[in-house]
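Biologist: Could you walk me through this one? I'd like to see how its pieces sit together.

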Amino acid sequence: VKQVEEVLKQNGVALPPAAPEPPHVELNDIPTGARFQDADVAASVSAITASSLVTCSQIIGQSIREDIAMMFGQFHMSKAAFGGKLLKLTKEKGWLIPPPLHYSSKEN
């Protein structure tokens, strides 16, 4: 975020207003039924990571400035590494549930 803000400022692009910080909440204050499950959080983070990889790739492909392409190339590599770590964690914790195998029966 800081790298992108710096580039925008250097090029005279006004930054959008920042969202306010969310309030601090203790985990025990959230009722059990209202909490997100760990597997759901991991799946959501995985989907966002995959989407951000595609976005970084698009920016790299459309960029006409080498410095911007390189910056997003670095972002892409760090997000890909994070995605690999997240995949390993979801497998270790049992949060990744593979779909059932599909067998095609041949009828004669």
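Biologist: What span should the 25 residues of H2 cover at 1.5 Å a residue, and what do the end C-alpha atoms say?
Modeller: This is a predicted model, so keep in mind that we're checking a prediction. At 1.5 Å a residue, the 25 residues of H2 should span 36 Å, and the end C-alpha atoms of H2 are 36 Å apart, so the two agree.

Biologist: At what angle do H2 and H3 cross?
Modeller: Roughly 155°, with the axes coming within 9 Å. H2 covers residues 38–62 and H3 covers residues 66–93.

Biologist: Are they roughly parallel or roughly antiparallel, then?
Modeller: Roughly antiparallel, because the cut-off for that is an angle over 145 degrees. The crossing of H2 and H3 is left-handed.

Biologist: Which residues of H2 and H3 meet?
Modeller: On the H2 side they include Ala42, Val45, Thr49, Leu53, Cys56 and Ile60. On the H3 side, Ile68, Phe72, Phe75, Lys79, Leu86 and Thr90 are among them.

Biologist: What classes of residue are in that contact of H2 with H3?
Modeller: There are 13 nonpolar residues, eight polar ones and one charged one.

Biologist: Which residues of H2 are buried?
Modeller: Ala42, Thr49, Ser52 and Cys56 are buried in H2. H3 is part of what covers the buried residues of H2.

Biologist: What about Ser46, where is that?
Modeller: Ser46 is in helix H2, and it's one of the residues there that meet H3. Its relative accessibility is 39%, so Ser46 counts as partly exposed, between the 20% and 50% cut-offs.

Biologist: How far is Ser46 from Gln74?
Modeller: Their C-alpha atoms are separated by 19 Å, and along the chain they're 28 residues apart.

Biologist: New topic: at what angle does H1 pack with H3?
Modeller: About 165°, with the axes 11 Å apart; H1 is residues 2–10. That angle makes H1 roughly antiparallel to H3. The crossing of H1 and H3 is left-handed.

Biologist: Who makes that contact?
Modeller: From H1 it's Gln3, Val4 and Val7, and from H3 it's Ile68, Met71, Phe72, Gln74 and Phe75. By class, the contact of H1 with H3 has six nonpolar residues, two polar ones and no charged ones.

Biologist: Is Val7 buried or exposed?
Modeller: Val7 is buried, because its relative accessible area is 18% and the cut-off for buried is under 20%. Val7 sits in helix H1.

Biologist: Which residues does Val7 touch?
Modeller: Leaving out residues up to four places away in sequence, Val7 touches Ile68 and Met71. Both of those are among the buried residues of H3.

Biologist: How far is Val7 from Phe82?
Modeller: They're 24 Å apart in space, C-alpha to C-alpha, and 75 residues apart in sequence.

Biologist: Back to H3: what else is buried there?
Modeller: Besides Ile68 and Met71, the buried residues of H3 are Ala69, Phe72, Phe75, Leu86 and Thr90. H1 and H2 are both included in what covers the buried residues of H3.

Technical notes
Residues numbered from 1 in each chain as written. Predicted model: local features only at pLDDT ≥ 70, side-chain atom pairs only at ≥ 80, totals over all residues. Heavy atoms only, no water. Axes fitted to C-alpha atoms, helices over the stretch in contact; angles between N-to-C directions. Helix = DSSP H or I, 4+ residues; strand = E, 2+ residues; numbered from the N terminus. Parallel < 35°, antiparallel > 145°, perpendicular 65-115°, else oblique. Left-handed = near helix turned anticlockwise from the far one by under 90°. Contact = heavy atoms within 4.5 Å. Nonpolar A, V, L, I, M, F, W, Y, C, P; charged D, E, K, R; others polar. Expected span 1.5 Å × (residues − 1). Buried < 20%, exposed > 50% of the residue type's maximum accessible area, 1.4 Å probe, protein only.
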